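This report describes selected features of the structure shown below.

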Amino acid sequence: MLTIRGYYLDGQSAKRVDATLQSQNSSGFSLLTEEQSISIECADINIEAALGNTPREVSLGKSGLFISEEHEEIEQLSKLIKQGGFPFSLVHKLEHNLVSVICFTLSVIVFIWALAVHGIPHAAKTIAFEMPEYVEGHLSSSLEVLDATILEPSQLSTTRQQQLHLFFKPYLQDHEMLHPTVHFRSGMDANALALPNGDIVFTDELVKLADNDQQLVAVLFHELGHLKHKHITRRILQDSMITLAVFLITGDIDSVDMLTGIPTLVVDLAYSREFELEADKYALEMLKQSNIPVATFAEIMLLLSNHYESDEQGNQERKITDFLSTHPRTQDRIEQVNQYQQTH
Amino acid sequence: MTDMTNESNSASTSIAPFRFNGDGSEYFKIWIVNVLLTIATLGIYSAWATVRNNKYFHSNLYLDDNNFRYLAEPLAILKGRIIALIALGLYFAAATYSPDLVVVFVLALFILMPYFYNQSLAFKMRMSAYKNIQFRFKGSYGGAAMVLFVWPILGMLTFGILMPMAILKMNQYVVNNSAYGTSPFKFNATYKDYGMIFLMMLGFGVIAAIIGGIVSLILPDAFLLAVGPLVAMIFYFAMILFFLVSTTNLFYQKLALVEHEFDCELTIAGYFKVMLINMLLIMLTVGLYAPAAKVRMTKYLSENIVMKVNGNLDDFSAAEEENVSALGEEMGQVFDFA
């Protein structure tokens, strides 16, 4: 005879009474309290699956609830009436097996690593190249938006602008399918950027920083590399995919902010640095094709890095920001130029 | 006569503590199994995972030696989640193909928001039980629209003067429409209570600005440029912490269930310690510490909240059955308004 001690709540009032659940001869079970004895049929018993060390819950009939800390007896009961809340009974076993927990942890780590390093970038790349152009245009802010917010009209003379447009023209002709249009703007420090619709922006500060116009062509090729490889679109896709993956995996929006804010940012920045190196590589190839010395690219990188370094407060800070930077270290980028020169 | 009632009141008032029995490593095991099964089933298991996670936190929470219970069925959550995901997919499709459709979609979402908000709260309450009696929430569309839109907008239009009122109205709406079985909750805070918190923050801001101004006259510019942003960040963080701790304390201090009251005594130092340890460990373990962090925070909160029981906790009775779908809850989560 099986006897389980616990307490009973009838579901009508919040009064809790000590109770014993007892198996009767073949006719089912009975619940004994100080005041009464209720007989219960097997079909009316519903055992909730075990969860950690929490007390076991047994629903009795429509609203009754029997709660007991006698875990072993409840297990016997569930065997007796062939219940146990599948699939949670199996899940509970997995949770209590150290080997399975370690295996699961490692699998999750490997899976997330593979997803972040291979799965998401690959999927984003495929989608980006399949995406119709007019959709791509909607994804990121246009030059009009940038003009209205951060960018200001260029202070360069019209002759200088035209001179550069003319100088760039032959190099742009090879890239007509990307519809590149060069624009000059100010309002930002030395920088260049490319938007998915083909707009390429040079800031006045960058134009002034360059020693010669060939260095600007090197930057132009770098931006064309971003366009060619659809980097902006891919980055937007990748970021939304990470967020979606985190939501699906944890299934718990509450924890998303704290849990994923930092790792998501780190992953996003790693993607960004990878894209920069890819664009650099494209620039080197194009320079070689156009018979411009590949070292030109290293020169403008060095100029840019010196320009920004003189603005930096201290070197200590630099080390930390490296890890959290959208761009690779100048040293690494110049190293890539050297390697390219040696191998080509 | 008055003396006698006072005496009998104080004699029957007892303190019932909240207690959280969960354990970080135990919850980690449950959590990691959930994560892997969710991945392996391409997200379908996530509904079961959610139920199991919520059950863990409900079942381990004790008040006066009785634990809470989470009742939701995974299938109900899965259904809600699928509908919400379809809606999200439609939204993205609309966003990529036509800006006009986005406007229609967002408008519809705004109109439906109070409804989903009510549904979400009703679901959360109905799925929570204590001593085998469920909680409940019954709000009105107009009431929800007032606290979700009208009061916050008034708060902004009045440059924050009515912001304490917006928070008060929101808490009043949620609490005064909630019940444990047939016994209603009541929220007794006033505009002044919330106004004081805002005024204190304003005061801190003014003091910080004055000190900052004086310091900037004395110290060299280079030093200020290096340390200034850091100090400003710490101050900003401290203000958030102050706001969080004061409003949470106030909420429970002014909360009542019929003749029973609550008390909450979180401290900024205590809360900060828990948050700092959690954040550092989550960063060091690239997220793996998150489940244990949730346990630590829940433990800290429950240790500092008590119920002031007037009489005993046996005299509650259940309300009638009522069906609430999980759709509102899932819509709220996906579109981030619950």
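Strands β9(A) and β11(A) pair in the parallel sense, and five bridges connect them. Within this pairing, H183(A) has V201(A) in β11(A) as its bridge partner. The model is a predicted one.

**The sheet in chain A**

The two strands belong to an open sheet of four, arranged in the order β8-β9-β11-β10 in chain A, and the pairing in this sheet is mixed. Its edges are formed by β8 (152-153) and β10 (192-194) of chain A, each of which pairs on one side only. In contrast to the parallel pairing of β9(A) with β11(A), β8(A) and β9(A), the latter made of residues 181-186, run antiparallel to each other and share two bridges. E152(A) has S186(A) of β9(A) as its bridge partner, and P153(A) stands opposite R185(A), also in β9(A).

Is β9(A) mostly covered or mostly uncovered? Five of the six residues of β9(A) are buried, and the strand is thus mostly covered. As a general point, side chains in a regular strand alternate between the two faces of the sheet.

**Helices on the sheet**

Two helices of chain A are described here in relation to these strands. Helix α8 (residues 213-228) of chain A lies across β9, β10 and β11 of chain A, and it runs at about 145° to β11(A). The edge strands of the sheet, as noted, are β8 (152-153) and β10 (192-194) of chain A. Helix α6 (residues 158-173) of chain A packs on the sheet and touches β9 and β11 (199-203) of chain A, its direction making about 145° with that of β9(A).

Ten salt bridges are counted over all chains.

| Residue in chain A | Residue in chain B | N to O distance |
|---|---|---|
| E48(A) | K55(B) | 2.9 Å |
| E48(A) | R69(B) | 3.7 Å |
| E57(A) | R69(B) | 3.0 Å |

E48(A) and K55(B) meet through their side chains at 2.9 Å. This pair crosses between chains: K55(B) belongs to helix α3 (residues 46-59) of chain B, and E48(A) to the loop between β5 (45-47) and β6 (56-60) of chain A. K55(B) is classed as buried because its relative accessible area, 16%, is under 20%.

The side chain of E48(A) also meets that of R69(B), at 3.7 Å. Because E48(A) lies in the loop between β5 and β6 of chain A and R69(B) in strand β3 (residues 66-70) of chain B, this pair joins two chains. R69(B) is buried, with a relative accessible area of 9%.

R69(B) forms a salt bridge with E57(A) as well, the closest N and O atoms being 3.0 Å apart. E57(A) lies in strand β6 of chain A and R69(B) in strand β3 of chain B, so this pair too joins two chains. E57(A) is buried, its relative accessible area being 7%.

Which residues are linked in a network of salt bridges? The network consists of E48(A), E57(A), K55(B) and R69(B).

**Cysteines**

The count of disulfides over all chains is zero.

Terms used: Residues numbered from 1 in each chain as written. Chains lettered and ligands numbered in written order. Predicted model: local features only at pLDDT ≥ 70, side-chain atom pairs only at ≥ 80, totals over all residues. Heavy atoms only, no water. Pairing = 2+ DSSP bridges. Contact = heavy atoms within 4.5 Å. Axes fitted to C-alpha atoms, helices over the stretch in contact; angles between N-to-C directions. Disulfide = S-S within 2.5 Å. Buried < 20%, exposed > 50% of the residue type's maximum accessible area, 1.4 Å probe, protein only. Salt bridge = Lys/Arg side-chain N within 4 Å of Asp/Glu carboxyl O.
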